[in-house]
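Reader: Before we discuss pockets, cavities and helix packing, could you show me the sequence and the structure?

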Amino acid sequence: MSEDDGKKARRAAARERARETREKEQARRRRNRTLGISGIIVGGLAVVAIVVVVIANSVQPAGPGPKNMASDGVLLHGVDGQIQPVTTKATPEGGKPTPTEQDDSVTNITVYSDYMCPYCNQFETSQMPQIQQWVKDGSATLELHPFNLLDRVSLGSKYSTRSAAAAACVANDDPDAFLAYNTSLYENQPSESTRGLTNDKLAALAKAAGATSGEVASCIQDQRFAGWVGDATNRVLNEAIPNSSLDKVTSTPTIIVNGKQYTGSLTDTDAFAAFAEQNGGAA
């Protein structure tokens with residue numbers, strides 16, 4: 001390729017990136033339009049106009065993603081017998097997540113889940129003790145992807161979005177507390193068809209899980225990463241899932257071991273261990 005051809009290719013790529021950025025910004029502005037102006041006439045002589053501006057709680061600027069979730073999930077691995085998160089930069093606004101480069105010599109376990117999903121809680125309660133032991137001894141990695149499949153069952157409070165955004169706050173500002181917070185969100189899981197935990201309670205659980213950074217509570221209250229949760233959810237529900245043959249995620253939990261989806265019992269630890277051994281590394 002000549003130098004001129006190379007310059008043309010770079011300019012074309014730059015124009016395409018600019019076009020994608022403009023389209024994302026236009027979509028964001030459309031979502032942020034407020035709705036609803038109503039007037040009510042009261043009595044024969046007086047007219048009282050009432051203007052109602054409705055802004056959906058879920059409408060947030062997309063913004064950059066959280067740090068330490070460049071893949072849209074938190075990757076955990078074992079270091080000297082301890083489970084530690086892999087640190088990453090944040091995905092920039094308008095950018096795409098970076099899929100994890102997996103090591104096929106170990107068992108790579110990836111879980112897509114919703115903090116209001118009772119089946120996710122079954123898997124968490126039953127399988128996580130042995131998974132965490134595999135991660136500690138270095139025979140497995142664990143990548144957790146929270147998203148908002150079940151917003152519709154929290155009576156308008158969008159609990160799935162709020163809890164996933166809260167987890168993103170912990171990942172961003174106090175990543176060493178992420179795994180404990182993930183566990184706590186399941187231990188304190190609200191029932192479906194309730195409003196779920198308040199943001200105050202989500203922040204209190206984060207602190208109890210060891211998220212001591214002063215930024216975490218304000219991040220949860222402000223729902224700083226709600227827009228990112230929406231973007232990440234759109235990706236998993238509509239795009240091919242990295243490091244697997246799945247076209248998209250269709251249910252929670254979705255569990256993938258070295259590219260193969262686990263569809264067995266969520267509570268049978270022997271069945272999952274056998275699947276992990278068959279499809280993974282040394283677990």
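Reader: Which elements each supply at least two residues of the lining of the second largest pocket?

Author: This is a predicted model, in which local features need pLDDT of at least 70 and side-chain atom pairs count only at pLDDT 80 or more, whereas totals for chains, interfaces and linings use all residues. Residues are numbered from 1 along each chain as its sequence is written, and side-chain values use heavy atoms, with hydrogens and water left out. On a 1 Å grid over the protein atoms alone, a pocket is an open set of points with protein on both sides within 12 Å along at least five of seven lines, a cavity is a set where a 1.4 Å probe fits but cannot get out, and lining residues have an atom within 4 Å of a point. With helices (H or I, at least four residues) and strands (E, at least two) taken as DSSP runs numbered from the N terminus, the elements asked for are strand 3 (107-113), strand 4 (140-146) and helix 7 (226-238).

Reader: How much space lies in the second largest pocket?

Author: The lining comprises 20 residues, with Ser71, Tyr112, His145, Ile241 and Pro242 nearest the centre of the pocket. Grid points are joined across faces, edges and corners, and a volume is the space filled by probe spheres set on the points; for this pocket that space is about 290 Å³.

Reader: Which element gives the most to the lining of the largest cavity?

Author: The count comes to 1 cavity of 30 Å³ or more, and about 50 Å³ of space lies in the largest cavity. Among the residues that line the largest cavity are Val111, Cys120, Phe123, Tyr186 and Pro253. Strand 3, helix 2 (118-136) and helix 4 (178-187) give two or more residues to this lining, and the element that gives the most, with 4 residues, is helix 2.

Reader: Are helix 3 and helix 6 roughly parallel or roughly antiparallel to each other?

Author: The axes, which are lines fitted to C-alpha atoms over the stretch in contact (heavy atoms within 4.5 Å), come within 9 Å for helix 3 (residues 159-173) and helix 6 (residues 214-222) and cross at roughly 155 degrees. Angles run from 0 to 180 degrees between N-to-C directions, and those under 35 degrees count as roughly parallel, over 145 as roughly antiparallel, 65 to 115 as roughly perpendicular and the rest as oblique. Helix 3 and helix 6 are therefore roughly antiparallel.
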